[in-house]
Amino acid sequence: MKSVPRVPLALGLAGLIPFVWGALTMQSDWLAAEGARVLGPRFIGPYVQLSYGVVILSFMSGVLWGFATRARGAVAASGYVLSVLPALWAFLFVGGGPVSAAIYLIAGFVGILGIDWMFWWRGLAPRWWMRLRLLLTAVVVLSLAPVAL
């Protein structure tokens, strides 16, 4: 992670807090009770993970759109189309019960890696991008897995 600039690394790691916090509050009744008391019930367990996951998938669409702006021609066109997929995925598929929502979020976050890789391979994303994305995606998937299971 030495090659990842400090600010993106710090913000990326901070962005994991709702996912990890949700997983922790599912494992500890005391933490869940205190979290619900202090923050409210929508900020614990799968509630915080799923709502925040939809936000982050949509955020990632914006990031990918930014990468597409660096391309030209057919690469730009395909980049723009691919960049909207995470937000559409979240909008169309993440819903219903927590199990299916978590499964679709996991699929969405894993799917984004392919799009990330395409932008990175074409030199449209920073050289350190995939290191950061792999780390963040691994933690998100591991945090959502207990809900999906």
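The model is predicted, and the values below are computed from its atoms. The chain contains seven helices and zero strands, and from the N terminus on its elements run α-α-α-α-α-α-α. With a radius of gyration of 16 Å, close to the 15 Å that the globule rule gives for 149 residues, the chain is as compact as a globular protein of that length.

**Overall dimensions and packing**

- Along its principal axes, the C-alpha trace of the chain spans about 55 × 35 × 25 Å.
- When contacts with a sequence separation of 6 or more are considered, 69% of them are accounted for by residues 24 or more positions apart.

**The largest nonpolar core**

- The largest nonpolar core has 37 residues, and those with the most contacts inside it are Phe 67, Leu 105, Phe 109, Phe 119, Trp 129 and Leu 144.
- At least two residues of this core come from each of the helices α4 (45-68), α5 (73-93), α6 (98-121) and α7 (129-148), and α6 gives the most to it, with ten residues.
- Leu 105, one of the residues with the most contacts inside the core, touches Gln 49, Leu 50, Gly 53, Val 54, Leu 57, Val 94 and Leu 144 once residues up to four places away in sequence are left out.
- Val 54, one of the residues that Leu 105 touches, is found in helix α4 and counts as partly exposed because its relative accessibility is 26%, which lies between the 20% limit for buried and the 50% limit for exposed residues.
- Not counting residues up to four places away in sequence, Val 54 touches Ala 90, Val 94 and Leu 105; its C-alpha atom is separated by 25 Å from that of Ala 76, which lies 22 residues apart from Val 54 along the chain.

**The nonpolar surface patch**

- Trp 65, Val 84, Leu 85, Leu 88, Phe 91, Leu 92, Phe 93 and Tyr 104 form a nonpolar patch on the surface, and together they have about 790 Å² of accessible area.
- Helix α5 gives the most to this patch, with six residues.
- Phe 91, a member of the patch, lies in helix α5 and is exposed, because its relative accessible area of 67% is over the 50% limit.

**Salt bridges**

- The structure holds two salt bridges.
- In one of them, Glu 34 pairs with Arg 37, and the closest N and O atoms are 2.7 Å apart. These two residues are separated by about one helical turn, because they are three residues apart in helix α3 (residues 29-39).
- Glu 34 counts as partly exposed at 25% relative accessibility, whereas Arg 37, at 60%, counts as exposed.
- The side chains of Asp 116 and Arg 133 also meet in a salt bridge, with an N to O distance of 2.8 Å. Asp 116 lies in helix α6 and Arg 133 in helix α7, so this pair ties together parts that are 17 residues apart in sequence.
- Both Asp 116 and Arg 133 are buried.

**Two serine positions**

- Ser 143 lies in helix α7 and is buried, because its relative accessible area of 7% is under the 20% limit.
- With residues up to four places away in sequence left out, Ser 143 touches Phe 19, Val 20, Ala 23, Met 26 and Gln 49; Gln 49 is also among the residues that Leu 105 touches.
- Ser 28 has its place in the loop between α2 (17-27) and α3, and at 23% relative accessibility it counts as partly exposed.
- The C-alpha atoms of Ser 28 and Gly 45 are separated by 9.8 Å, although the two residues are 17 residues apart along the chain.

How values were computed:
Residues are numbered from 1 along each chain as its sequence is written. This is a predicted model: local features need pLDDT of at least 70, side-chain atom pairs count only at pLDDT 80 or more; totals for chains, interfaces and linings use all residues. Side-chain values use heavy atoms; hydrogens and water are left out. A nonpolar core is a set of buried Ala, Val, Leu, Ile, Met, Phe, Trp, Tyr and Cys residues joined through side-chain atoms within 4.5 Å. Buried means under 20% relative accessible area, exposed over 50%, partly exposed in between (1.4 Å probe, protein chains only). Helices (H or I, at least four residues) and strands (E, at least two) are DSSP runs, numbered from the N terminus. Contact means heavy atoms within 4.5 Å. Patches are made of residues with over 30% relative accessible area and no salt bridge: like charges are joined within 9 Å, nonpolar side chains (Val, Leu, Ile, Met, Phe, Trp, Tyr) within 5 Å. Accessible areas come from the Shrake-Rupley method with a 1.4 Å probe; for residues, only the protein chains shown count as cover. A salt bridge is a side-chain nitrogen of Lys or Arg within 4 Å of a carboxyl oxygen of Asp or Glu. The radius of gyration is taken over C-alpha atoms; the globule rule is 2.2 Å times the number of residues to the power 0.38.
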